[in-house]
Amino acid sequence: MIYLDNAASTPIHKDVLTEMLPFLSEQYGNPSSIHKLGRTANKAIQNARKQIANLINAQPNEIFLTSGGTESNNITLHGFAYAKKGNHIITSSIEHEAILEPCKRLEKDGFSVTYLPVSSDGLVDPTYIKNAITKDTCLVSIMFANNEVGTVQPIKEISKICKEKQLPFHSDAVQAVGKMPIDVRDLELSAMSISSHKLNGPKGVGAIYIKKGIKIEPLILGGGQENGIRSGTENVASIVGFGKACELAKENLQKNIVHLKSLRDSLVSKITSEIPHVSFNGNREKRIPNNAHFTFLGVNGEDLIIKLDENGVAASTGSACSVKIQKASHVLKAMGFSHEQITGSLRLTVGLSNTFEEIDTTVAILKKVVKELREVSPFKTKYGL
Ligand SMILES: Cc1ncc(COP(=O)(O)O)c(C=O)c1O
C-alpha cells in the first residue's frame with residue numbers, strides 16, 4: 001500500500017513504539033500514586049511534557065495533556081467561553097469540525113460566533129478579524145494550517161491584532177506542528193492545540209499549550225490532574241510516545257520539511273503536467289510541506305479514492321474526517337468552489353516514509369484511473385474529456 005493520507009493519521013515511528021512498550025507492560029503505575037511504580041509513571045509524563053514544550057518553545061507547565069486535537073479544541077473553546085469575559089467568539093469558516101461543532105453548541109448556549117470568510121486560495125484576511133472584534137469578544141480561534149487544502153494562515157499578523165485588543169488568541173495547530181517551525185513565544189499565542197497522531201506518535205493523545213497566567217474553566221472535572229484543566233488518569237504510554245514523537249520532530253524538523261516538500265512538489269508537478277483538466281487548490285506558497293490538493297474535472301472524488309484503493313494507493317477527499325458519511329466540503333465551499341469542483345477533489349498528503357518511486361507509481365495509477373472514470377463520466381461530452 002502506498003500511503004498518501006498522512007493528514008488523516010501517520011504511522012507510529014519505531015523509536016516512539018520502543019519508548020511506549022514498557023508503559024504498556026511492566027510500568028503500569030498510576031502517575032498519581034506515591035509508590036515507586038507511580039513515581040516512575042509520573043516522571044515519564046513530566047519528561048514527555050518537556051519534549052512537547054521543547055518542540056514549540058513553551059514551558060513544560062504550559063502544556064496540558066488531553067486525548068487529542070478534538071479534546072484540546074473543545075476544552076479551549078469552552079474554557080475561554082465559560083471564563084465569562086464576553087460572549088462573542090471569532091473563528092473562520094474553514095476550521096475543523098472540532099472547532100465548528102463546539103462553536104455551534106456555544107451558540108445554542110447564548111454565545112455569538114463570527115465565522116470569517118476566506119479567499120479563493122484558502123486564506124483568512126487579518127483585517128476581517130480586526131473589523132469583527134466587538135467589546136463582547138472573548139476569544140479569537142483561527143487554525144494554523146488547514147486539514148483539507150493545507151493553507152497556513154497569517155498567525156503572526158492575527159496575533160498582533162489580538163494583542164493590541166488584549167484578546168486571547170487560540171490556534172488549532174494539529175496539522176502544522178512538526179511540519180514547520182512553531183514558536184509560541186515569538187507568535188505570542190494564548191493557546192494552541194496539538195495532536196500526537198499527526199506527527200508519527202500514537203492516536204488518542206494530544207495537548208493544549210496555554211500561556212502561563214491565563215486561566216480557563218475546566219470542561220472535564222474529577223481528580224484534578226493536569227492542574228485541574230483536564231481530570232482523568234493519564235494515558236501514560238501514549239503520552240510517552242507523544243513526547244518521543246515531538247523530540248524526533250524537533251531533531252529532524254528541517255530535514256523532514258525538505259523531504260516532504262520535495263516529495264509533494266514532485267507529485268504536484270507530475271500530476272499537473274501529465275493529467276489534463278486538473279487544478280491545484282489552495283495557496284501555492286503558504287501551505288504545509290506535505291499537502292497537495294487537486295480537482296479533477298468530471299471525476300467523482302469518492303470513485304477516484306475507491307479506484308486508487310483498489311490499485312494500492314490510500315488517499316482522501318479530505319472532507320470526511322470523523323464519520324464515513326460524505327458531505328460536501330465546507331472548506332471548499334468557503335473558498336467559492338462549485339458543487340462540481342468540490343465533487344472532483346482529491347487530497348494527497350505525503351509522509352516521512354514515502355519514496356520518490358511511490359510518487360511515480362501513484363502518478364501512473366492516477367493517470368490510468370482518472371482516464372477510466374472520465375470514460376464513463378456524465379460530463380465527458382460537456383467538457384470534452
Ligand atoms: C485541524 C485539525 N484539528 C483537529 C483535529 C482532530 O484531532 P484528533 O484526531 O487528535 O482528535 C484534526 C484531525 O484531523 C485536524 O486536522
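The model is predicted: local features need pLDDT of at least 70 and side-chain atom pairs pLDDT 80 or more, while totals for chains, interfaces and linings use all residues. Numbering runs from 1 along each chain as its sequence is written, and side-chain values use heavy atoms, with hydrogens and water left out.

**View 1. The shell around the ligand.** The ligand is surrounded by 13 residues, and the closest are Thr-70, Asp-172, Gln-175, Ser-195 and Lys-198. Helix α3 (residues 69-81) gives the largest share of this shell, three residues. Helices (H or I, at least four residues) and strands (E, at least two) are DSSP runs, numbered from the N terminus. By residue class, the shell holds two nonpolar, nine polar and two charged residues. Ala, Val, Leu, Ile, Met, Phe, Trp, Tyr, Cys and Pro count as nonpolar, Asp, Glu, Lys and Arg as charged, and the others, Gly among them, as polar.

View 2. A polar contact here is a pair of N or O atoms within 3.5 Å. A polar backbone atom of Gly-69 is 2.8 Å from an oxygen atom of the ligand. From the side chains, a polar atom of Ser-195 lies 2.6 Å from a ligand oxygen, and a polar atom of His-197 lies 2.9 Å from a ligand oxygen. The ligand taken alone exposes 390 Å², of which the protein buries 88%; accessible areas come from the Shrake-Rupley method with a 1.4 Å probe.

**View 3. The two faces of helix α6.** Ile-155, Ile-158, Ser-159, Ile-161 and Cys-162 are buried in helix α6 (residues 155-164). These residues are on the same side of α6 because they cover an arc of only 160° around the axis, the arc being that of the directions from the helix axis to the C-beta atoms. Buried means under 20% relative accessible area and exposed over 50%, with partly exposed in between (1.4 Å probe, protein chains only). The cover over the buried residues includes α5 (126-132), β5 (137-141), β6 (169-172) and α7 (184-187). On the face turned away from the buried side are the exposed residues Lys-160, Lys-163 and Glu-164.

**View 4. The surroundings of Gly-38.** Gly-38 is in helix α2 (residues 36-55). Gly-38 counts as buried because its relative accessibility is 0%. Leaving aside residues up to four places away in sequence, Gly-38 touches Gly-29, Asn-30, Pro-31 and Ser-33, where contact means heavy atoms within 4.5 Å. Gln-27 is eleven residues from Gly-38 in sequence and 8.6 Å away in space, C-alpha to C-alpha.

How values were computed: A residue is near a molecule or strand if one of its heavy atoms lies within 4 Å of it. A polar contact is a pair of N or O atoms within 3.5 Å; within protein, one must be able to donate a hydrogen and the other to accept it, and residues adjacent in sequence count only if both atoms are side-chain atoms.
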